[in-house]
Structure formats: structure tokens, C-alpha cells
Amino acid sequence: MKKILALLMTLFFLSSMLVSCDNTQKILKKANAALQEAPYAMTLKISCECDNKEYNKIFSSMDMRIPITVDGKNISMDLKINVNGYRAIAKVIVADMVVYNKVETISQTVKMKADMNDEQYQEFMEKNNAEMMLSPKDFGELTVETKDGKEYIACDKVSEEGLEELNDMIAEILKSLDGEATVSDVAYGVTLNDGKYESMEMTCVYSVTVGGETCNVTYHLSAEFTYGNIPKVYTPEDASSYQEISFDELMG
């Protein structure tokens, strides 16, 4: 349960890195403000490719499409997992200072919730805070192109400090597998339409070693944004059926 929640939050904040990494640039101030003014929906897509044919079958089965709704401080995320026959559906809702986590598998459904105070909410949202990972200073090349009313921003040539941050992130994920990985390349781009975020794309290439075997994994992440007529995020109707646990238990 905790690993699924951690995965969901890691993916969300990784996408947030694309939103916030360039927030010091004037061209994105309006786009960042639009995300604060009204609810929006983001569809996050993740896929991996491996140069090892055997492992690539596993990675290809892990492609994900994650709908995320952001309504002020309230957030809703859905994740479907299908790896080597293991299937699970996870839903996380943050509403009115309470975290609701529901995981459904073939054999059982587990529902947990935890109250948060202001400090705990901040901790929850900053646990994987991507704003601290990368910023424009971490790239040696930042280009902006305007075409057909849209603005395209490309970031290339990540610095050694930026690579170190990404390596630290993947190292934490692989810790339970007693594995290690080194990122060799990273690039991302942002598309804005009418001053708002329309889409984002990120690519990382990792050299991953687990169990003495090494392979190269190309990680793709993209996000598409929708504004207007976005459903608000509310407390689940069956909130009373969730097992109540402490915030520390949820985060532990």
C-alpha cells in the first residue's frame, strides 16, 4: 500500500517538476498563475524502453496513463498497475486536509485515510518536491520558439548538479531492489497555448544495474493539460468506510 502511494506521488511530483522548474522565467509566470486560478486536469503518460529484450517485455507492460485533477489544495489521482500478472487499481484523494488511499486487487480492497494539519499537509506535498530538483540554471541550453500562436520551450544540456539530483531520485526508488542507476541524458520541452500549459515531454536515459546485470532504460513522461468544466475534487462518498490511521503510519 505504502509503495503504491509513494509511486503515485513520485509520478505526480515528477510531472510537477516540468511545471515548476522554469517558474523564474517571465514567459511562464502567466501559465503558472493559470494553474492556481481554477481547477485543471492533467493526463500523465509514462513509458519505459529497455535495450535488454527480456527486461523490455516487463517494462513495456508497465506503461501507465494517469488522470490527475488539481482543485486548489485538493487533488485526485488514479493509477492502474499491471505487472507480471499482478493487477491493482489505486486512487488517492487529498480533500479538506485528509488523505484517502484506496487500492483494489483481484483478491481484496484496502482503504485508508489520515487527517493532516497544516504542517503535515506541507510535508505530504513536499516529500518528493520536484521544485528542488531542477531549475533553468541546471541546463546549459534553453530555447523558446513561437509558432502558430503557441510557445515551445526546450531545455537541453543538463548540468552535473541536475544529473546528481536525478540520480538521487532514482537511487531512492531502486533501494528496495538493491540496485543502482546512473542517468546519462535528460531533456524536456513545454508547449504553451494562449499563455497556458498545453503539454510537456520529458526523456531520461538511465544505466540500471540490478542483480549484477546492467541495461539501458529510456524513460518517457508526457503530460497534457485541460482547462474548463473540470469536476471539483470532493471527499469520497464512502469516506466512513476507510480505515483511519495516523499521518505518520501513512507516510512511514
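Mentor: pLDDT is the predictor's confidence in each residue, from 0 to 100. This is a predicted model, in which local features need pLDDT of at least 70 and side-chain atom pairs pLDDT 80 or more, while totals for chains, interfaces and linings use all residues. Residues are numbered from 1 along each chain as its sequence is written, and side-chain values use heavy atoms, without hydrogens and water. The protein averages a pLDDT of 78, and 78% of the residues score at least 70.

Trainee: Why is Cys204 called buried?

Mentor: Buried means under 20% relative accessible area, exposed over 50%, and partly exposed in between, with a 1.4 Å probe and protein chains only. Cys204 has 2%, so Cys204 is buried. Cys50, at 9%, is buried as well.

Trainee: What makes Lys113 a residue with no salt bridge?

Mentor: A salt bridge needs a side-chain nitrogen of Lys or Arg within 4 Å of a carboxyl oxygen of Asp or Glu. Lys113 is buried, and the nearest side chain of opposite charge, Glu244, is 4.9 Å away. Lys and Arg count as positive, Asp and Glu as negative; His and the chain ends are not counted.

Trainee: What does the side chain of Lys113 reach?

Mentor: The backbone oxygen of Ala239, at 3.1 Å.

Methods: A polar contact is a pair of N or O atoms within 3.5 Å; within protein, one must be able to donate a hydrogen and the other to accept it, and residues adjacent in sequence count only if both atoms are side-chain atoms.
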